[in-house]
Structures are given as structure tokens and as C-alpha cells.
Protein chains: 2
Amino acid sequence: MSQLYDSTFFKTTKLFELTDRIFLLSCGATMLSFDAVTGAPKGGSAVRGRAEAYIAAEAFKIAVSDEMRAAIEELEALENLDAITAAAVRQARREYDSRCKIPVHIMREFSELTTEANHVWEDAKVANDFKAFAPYLARIIDYNKTFIDYRGYTGVPYNTLLDDYELGMTTDKLDIFFGTLKNTIVPLLKRITEAEQIDDSFVTRYVPKDKQKAISELLMNKLGYDRNRGQLRESAHPFTTGFGSAETRITTHYYDQSFFYSMYSVIHETGHALYELGKMPEIASTMLDDGVSMGVHESQSRFYENVIGRSRAFWELIYDELIAILGDEWKGIPVESFYRAANKAEPSFIRTEADELTYSLHIMVRYEIEKAIFAGGVSVDELPELWNAKYKEYLGITPPTDTVGVLQDTHWSGGSFGYFPSYSLGNAYAAQILNTMNKEIDLEALIRADKISEITTWLGEKIHKFGKIKPPAQLFTDFTGEDLNAEHYVKYLNNKFEGLYNLK
Amino acid sequence: MSQLYDSTFFKTTKLFELTDRIFLLSCGATMLSFDAVTGAPKGGSAVRGRAEAYIAAEAFKIAVSDEMRAAIEELEALENLDAITAAAVRQARREYDSRCKIPVHIMREFSELTTEANHVWEDAKVANDFKAFAPYLARIIDYNKTFIDYRGYTGVPYNTLLDDYELGMTTDKLDIFFGTLKNTIVPLLKRITEAEQIDDSFVTRYVPKDKQKAISELLMNKLGYDRNRGQLRESAHPFTTGFGSAETRITTHYYDQSFFYSMYSVIHETGHALYELGKMPEIASTMLDDGVSMGVHESQSRFYENVIGRSRAFWELIYDELIAILGDEWKGIPVESFYRAANKAEPSFIRTEADELTYSLHIMVRYEIEKAIFAGGVSVDELPELWNAKYKEYLGITPPTDTVGVLQDTHWSGGSFGYFPSYSLGNAYAAQILNTMNKEIDLEALIRADKISEITTWLGEKIHKFGKIKPPAQLFTDFTGEDLNAEHYVKYLNNKFEGLYNLK
């Protein structure tokens, strides 16, 4: 199979040489950035931050150089390129254009603005003061509109931003997608809130850090995370980073009274890491040694977190060892209670703490607002009210403050629009993957038999190994027979939550 | 005082701009290198190593560029430079010449040779097979002779290598220096071996890692190591690294049955870190934000390790808290026993495990052998025999194998000759510092009063703050009234060990 993918020619090209230099510089920047959030002393942060910015800027210089343009054009002029070189050229062109179409001084202004805006947003969030943040948000939106002017768009302006995170994504596709989700999840959630609730009171019991760390080890072992090419560290917010298939690390955070938090963040980030580590050797350390899109990356983390990690089979797999770590006082809680607690669904204000069912509703609110912003249909001042109205409509609750409402996410203050839908796409892709997987292997049986690595091998053959070689739509069409289809996701949700809440 | 040192002009120069770029790139390389030995997964080491080498090579390109030469020449042409700019130009010229006088292809050959030689040496050491390593060592020596040919020398060829680690050091000075040491230490050690021995049997008692870590914290607190600009991590071999006065980190290694090992390595590395962190703000993050020489750096680590850390006053200071950490079963060991055990002197084969008294004898063996090599007076094949003869003569013991003899150190396989004397210079400088310090402040009283920070402040004013502004000889002459003088060191040793072993 891998014979189809040969990187011999690509490695002789100027494009490879230039992108390799970018990669090596990026490794230095990545390491400085990883170190900064995994326990570095505060005192040196200014110097280390300056070094990280300088090294990243050196990489950027290569990325926007005339040499790079020439290297891309040289390959674009050739016919019958092999699959790896062709994918690399496509990707390089995409990145070059997105970097070069906007004048450097405007990018610098924007970067300074978002740095400042991020500080203002942090304070505004604490103070529940949307008005303080509003003028910054308005300027960030204006800059994004300017970027779209420079870059052009197909259909509606917002599409250009969506495409940055998910190649080929449009509001037309997302309207259908979220429409399908809305029609299922909103009524399903209503039925759940009226049903008998799941008792998950034990999940806030005190679990000391050393026990939670032992649980992390157990989970990484069960999932088959190769600790020779990765490791778990601690940071304020969990994330995945590294050097592609050569090495990918993850982090988590431990809260004494929320051991589910570290459990599910470890599983989630391990999902990201398994994707990174599963790529074919032909593309190792090249520009294709990366996830193909935000949405597909999120599909892998969510697959491990929700489809595997929140399954009854997984809870049965880990139960005995988990209890051995937690201690005798946990023996009275049956495995079914853990399974049900891990799947409890209820309306809530904070996206990052939302359950599997309601998560996409939080995203839908953001998608609809972003779409309206870039269609010119809403002003910044109206956002809090619009936000709260949508939470009321979809989740049935009204945020008591902007702190837990429109001010909760960091994305907008950092300048990112078009990013949020990736999260929901990830969930939907995961269900679509499951639908195909069920025809070929027995997921539940493999989990029960402690053979999750065979599931990973399957995902590796269909998704992981390709890195950025195939665009998302082609990747999914090739193995599921169709492009993104939200029907699998809503079926999965209906089936799972009707069972959990005895709604049938 | 600091008004004398103004970096305003220097920061406007091209030399500053170029060296700042080198500094920022080096931060990336430093971070990759630090990460690699403090717990990184093995799988990614090839990629991370390639990134580190690339980033270091980018820094090297700037260092040997025509731009750099022009920037140095431009400042050399100016008169009445301020002290900071003058020191920077001197240092830049020194570094530029040492890098540019040798053709790049020869440096590359040498680098490849030492990489291979290091692997061969590792195996040869394990196998006690000097013959396997000998041809590599011979070639490394030949390269060093070639380097001296390119760079020239004053007096004898070996002086050029000595000067790399200690500006202005020569065999003339070192012959006097080691002659003084030999005349004192060899007979003193002989009297000690004939005296009643110190009982240190308790130092191999099992002490679990968490207790040793608590001891590390205690020691760093007592020494005043600012953990906002530094931190302790773990590695196979202890070392100090970082980003100058902005942030300097240390490492140690924990052995279950040798808690003195982590104790004294933490104190030693903290000494290095306090030097790095104590520099004046005017030179922060510049090319002068570094220790002035290997010998002076070692004088600081040894001052904290031996003069402070092995004093009776220090043991009295930490005793109660140490016992509280170690546990009740240690209460029977009086503070005097700890003090004496920490100062036990006896002949041994391994330099890195040698005590304060015999350490310089190990160095003397290496100095005399290196001197003979570069004077053409000894062939590689003769080294094991020569090594063993000198150990017999100075330490009274004959290494049973080359593994614990001539093969023990990594320095030669890495291509470093002229480095070893720095260790002994550090010890001698430390005693010379103490001699002056005793005239101005009461070291012992300050330790007992838990005011070691006042000792650090004193060292800061005399040494730390200057970084690389003053060459070692000037630095010491300015505050001790004389250049390196071994008399203070031998007096210190005689006094201390005659007391410890009741030899008077």
C-alpha cells in the first residue's frame, strides 16, 4: 500500500529543503512554547518569549520568501507529480497565499492588537464587563473583514475564514449540518431534562493527584500511547504538541475534586497524539506530517474520548484497575454508575465543560453569531443579548452574566473566527467513522478484549497514515463512501441518549 | 556604582544586534538540549537533535559572517569606548578569531570525528578496552595540534588550548600552581591515610527520593536560589543551564543510597546558578551575561559546595530541618558526624567522586598528561601506563582497570583538552576569595544566622555582577589585590584537614 506513496522525489526538491528549514526552526519554537506552559519559572518568560518569537519570525521569513514562491512555481509547472509531492505543493501554495496576500504591516498591526485584546478580554471576563472588550472585538472583526477583502471569497465572506480551519468548508454545508443537529439535539435535550436524572454525585469526591496520575498511566496504557514517542506532562489547560510522527506529547491538569477532568482530557489528548504518531514513514518530518484539518484532528480526539472512552465496554475494561487505584472506599460504586455519570447530559453555560450531547449546541450558537457578524447582520454591541437569546432557545437556559456568556471563550480575543465549527465537525466525523468501522470490525468486542490498538490500527489505515496527503472531503469519501454527513452523528446521539435516559 | 557601566551605546551597535540574534537562536538550542536530558522521550531525539544542530548552525553562521567582522572592526576603530562596549568587542574578537581561523571543513570533520569517538569511548570504557579507543584519541589529538597550527600560540602550543577555558592561562602559571598543590596535598593525604579514619557508614543508608527532593528544597531555600528565575529538575548528570541572568536552571540526580550525592550536587549547581543570576541589569541578555571563565564559574560552585556547604556552620544551620525530613531514625547521628562525613578524605580512582582534598590530585594527573601530549613527549599507547604511574605517585593507589583509569572521563573523546585545569583553578580561586572575604564579613556567623544571602550579595558585588566585563586576572586583582595565588588554597586545605583528622 505504502508503495503508492513515495517521497524520494519530494525530498530532492527545493520545496522540501525550505520547508525542512521551517520545520527545524519550528521545533525550537515549539519547545520554548511547550516549556513555557509546563512548569517553567516565570522570571525568564520575557526572554524565552522573545526567543520564541524571533525563531518563529525566522521561519516565517522563509515561508514568505521569493525562494519559496519560486520553489512552489517550479513544481506547479511539472505534470504527473507523485501523490506526496502534489499534496505538498497544494499545501505550500495554500499557506504561501494565505501568508502573502495580506501586507506584512497589517499582519503586524493585527498581531499587536490581538496581544492587547487578549489582556483586555481576560480582565473584562473577570469583571463581567463586555463594554470594555467590545471596541477591541469590533476592531478585530474589522481586521478579519479586511483580510477577506485581500484574500477574496467564494459564496459569502465568512467562507474564507471557515476554509482556514477546514479546507472546503462553507456556510451552505454548515447550515445543513447544524440544521440537522438542531432538529435532533434540541428536542432530545428537552426530553432528557424532563426524564429521571443520572446521579453523578461521586464524581466530585476528593482524589489525590498521585492517584489521578496513576489513572492517567492506566488510560494511556489501555489506549496504546507509545511513551517512547510521547509523554504526559501538566499544564493549566490540556493540549497536544510536538514534532509530528517522531514525537507528540500531551498535557493534562489535575483537580482534586474532579478526577473525570484529568481522565477525559488524557483520553482526548491521547486521541490527538495517536493521530500524529500514526502517519506513514514516507512523510515523517515533512510538511505533510500533520493532521489534515482541525475538524479531522478533533474527530480523532473525540472518537477516543467519547466513542471509546465513554462506552460501557471501556468502563468495564478499566473498572477493576481503576478501583484498585482509587481504593476500597470506591468499591460500592458499580461500573454502570461510572458509565452513566460519564455520559450525563444537561444544559450548562460553559462550552469547555459541556457534555457530549450539548457540546454542539454551544458551537451552534457561536457559528450562527459569527455567520451573522460577517454577513453584516449584527453589531458588536448586540452580541451579549443575541448570545443569551440563543442559549435560551437551544439550551433552555439564560447566562446570568457575560462572564459565563459571550465573554467565556478566548478565540475571538485572539483573532480566530471560523474556528469553532471544527469542534462540532469533529464529533460528526467521529460518528461517521464509527458507522463505517462497525461494518468492518467489532469495536465493542475489541475494547472488552483490551485490544484498542487494533482499533487504532484501523483508524491508522483509513486516516492517520495519510497526514495532510488527502484533503478532508477526499479522505472521508475514500473510506466512508461519502463526504461529511451529520445523519450518522444524530443517529448515534439519539441511540445513545435514548438508551441512557430510558426514553424509548 | 553601576553608573560606571552603561549599556546605552552598546545597545545601539550592529554588534549588539548580531549577538542578540545569536542569543535568541541559542535560547532555542539550549531549550532543546535541556529538554533532551531532563526526561524527553527517546523516540523523538533524532528529530530534536537535528533541530538543535540546525538552530545552532544558524547562530554560527551569524557568528562567522562578514557582517560580524565588520561590526567588530567598526567598534575596534573607535577610541574611548565605554567599559561594556569595550568588553563586548574584546570578547567578540576572541570568539570570531577562534571560530574563523580554522577552515569550516576541518571543523566539520572534527565534529564528526568526536561524535563517533564519543560512541567508541563509551563502549571502550564499558569493555575496559583502551586499544579500541586509542586510534580515535590519536586523531583527536592530531586535530587539536592542527588547530593550534592555525591559531598560533605563545610559549608552548598547549597554552592556546588552556586559554580557551581560562583567558590568559599558561603552563608556566599552572606549573607553579600545581607544584604548590602537590607539595602540600600529597604529604597531607599521606598523613591522613595513616590517621584514624572518619566513620561515614551512614551516608549509604536508604533515603527515598521524595525525602531527597525535600532536602533539595531546603538547601535551595537556605542558599537563596530564586526559583522565580530558576528551577531544579532531574537528569543523569547534574548541570546548570539557561538564559543568563534572566533565568538559570539546575539539575541533579537522586540515588537511593547516596543522599549526599544529590545534596552536594544541588549546592554545587546552585553556586553556578547564583553567579549567572547575579549579574548587573545593564548586561542582561547581552554577550557579557555569562560567567567570565570556566575557572571562575567553578570557583563559585565550589565556594558554595565546599566553603559554605561543607562547613560546620552550615551543617549546624540545616541539621534540625534535615533530621525532620530524614525521620526519627536519624536522630542518633550528631551534627558533628554529618560534618565529618561530608569532609572525609581518601584516595580514590574516580575524579567525579573525589573529595575536596584529593580532587586536585586527579586534575594534576590530567594536566601533566595533556601537557606532555602537546609537548610531544608521550604517545597515545603509553597513556594507560603513565596514568596509573601518576595515580600511584600522587594518590598512592593503582587503578585496577582502564575503565576506572584513563578511560573514565568524557572530555578527551569530546575533543576537549585544556579544560581539566579549570576545576582546580576553581578550588584555588574559592580559597582566595575566602581569604579576602574573611577581612570584610564574618562568613561563619552569617551562615549560622541563616543569612547566606548576605554572602551572595558580597560575591555579587565582587564577582557576579561583572559577568564577562572583566577578564579573570583583572577581576581577582581588583578585589583580592592579586592574580591567582595557590597559597590561599593550600593554607585552607592544611588548616581544614589537619583539624578534621587531628593532625596537629
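Here are some numbered notes on a predicted model, to read with the structure open beside you.

1. Start in chain A with helix 10, residues 259-277, and helix 12, residues 312-326. Their axes are 15 Å apart, and the packing angle is about 130°. Helix 10 of chain A and helix 12 of chain A are therefore oblique to each other. The crossing of helix 10 of chain A past helix 12 of chain A is right-handed.

2. Over all chains, the structure holds 90 salt bridges. One of them links the side chains of A:Arg151 and A:Asp164, with a distance of 2.7 Å from N to O. A:Arg151 belongs to helix 6 (residues 130-151) of chain A and A:Asp164 to helix 7 (residues 158-165) of chain A, so this pair ties together parts that lie 13 residues apart in sequence. Is A:Asp164 buried or partly exposed? Its relative accessible area is 34%, so A:Asp164 is partly exposed.

3. **A link between two loops.** Next, find the salt bridge between the side chains of A:Asp200 and A:Lys344, at 3.3 Å from N to O. A:Asp200 sits in the loop between helix 8 (171-194) and helix 9 (209-223) of chain A, while A:Lys344 sits in the loop between helix 13 (335-341) and helix 14 (359-374) of chain A, so the pair ties together parts 144 residues apart in sequence. With a relative accessible area of 16%, A:Lys344 is buried.

4. **A salt bridge with buried partners.** A:Asp409 and A:Arg351 also form a salt bridge, and their closest N and O atoms are 3.0 Å apart. Here A:Asp409 comes from the loop between helix 15 (383-395) and helix 16 (421-440) of chain A, and A:Arg351 from the loop between helix 13 and helix 14 of chain A, so parts 58 residues apart in sequence are tied together. A:Asp409 is buried, with a relative accessible area of 11%. A:Arg351 counts as buried too, because its relative accessibility is 5%.

5. **A network with members from chains A and B.** Some salt bridges share partners, and in this way A:Asp35, A:Arg48, B:Arg233, B:Glu247 and B:Arg249 are joined into one network.

6. **A buried glutamine.** A:Gln231 is found in the loop between helix 9 and strand 1 (232-234) of chain A. Its relative accessibility is 12%, so A:Gln231 counts as buried. What does A:Gln231 touch? Not counting residues up to four places away in sequence, A:Gln231 touches A:Tyr225, A:Thr248, A:Arg249 and A:Ile250, and also B:Gly39, B:Ala40 and B:Pro41.

7. **An arginine in chain B.** Finish with B:Arg94, which lies in helix 4 (residues 83-100) of chain B. At 27% relative accessibility, this arginine, B:Arg94, counts as partly exposed. How many residues apart in sequence are B:Arg94 and B:Asp164? They are 70 residues apart in sequence, and 9.4 Å apart in space from C-alpha to C-alpha. Leaving aside neighbours within four places in sequence, B:Arg94 is in contact with B:Asp163, B:Asp164 and B:Leu167.

Note on methods. Residues are numbered from 1 along each chain as its sequence is written. Chains are lettered from A and ligands numbered from 1 in the order in which they are written. This is a predicted model: local features need pLDDT of at least 70, side-chain atom pairs count only at pLDDT 80 or more; totals for chains, interfaces and linings use all residues. Side-chain values use heavy atoms; hydrogens and water are left out. Axes are lines fitted to C-alpha atoms, for helices over the stretch in contact, and angles run from 0 to 180 degrees between N-to-C directions. Helices (H or I, at least four residues) and strands (E, at least two) are DSSP runs, numbered from the N terminus. Angles under 35 degrees count as roughly parallel, over 145 as roughly antiparallel, 65 to 115 as roughly perpendicular and the rest as oblique. A crossing is left-handed if the near helix is turned anticlockwise from the far one by less than a right angle, and right-handed if clockwise. A salt bridge is a side-chain nitrogen of Lys or Arg within 4 Å of a carboxyl oxygen of Asp or Glu. Buried means under 20% relative accessible area, exposed over 50%, partly exposed in between (1.4 Å probe, protein chains only). Contact means heavy atoms within 4.5 Å.
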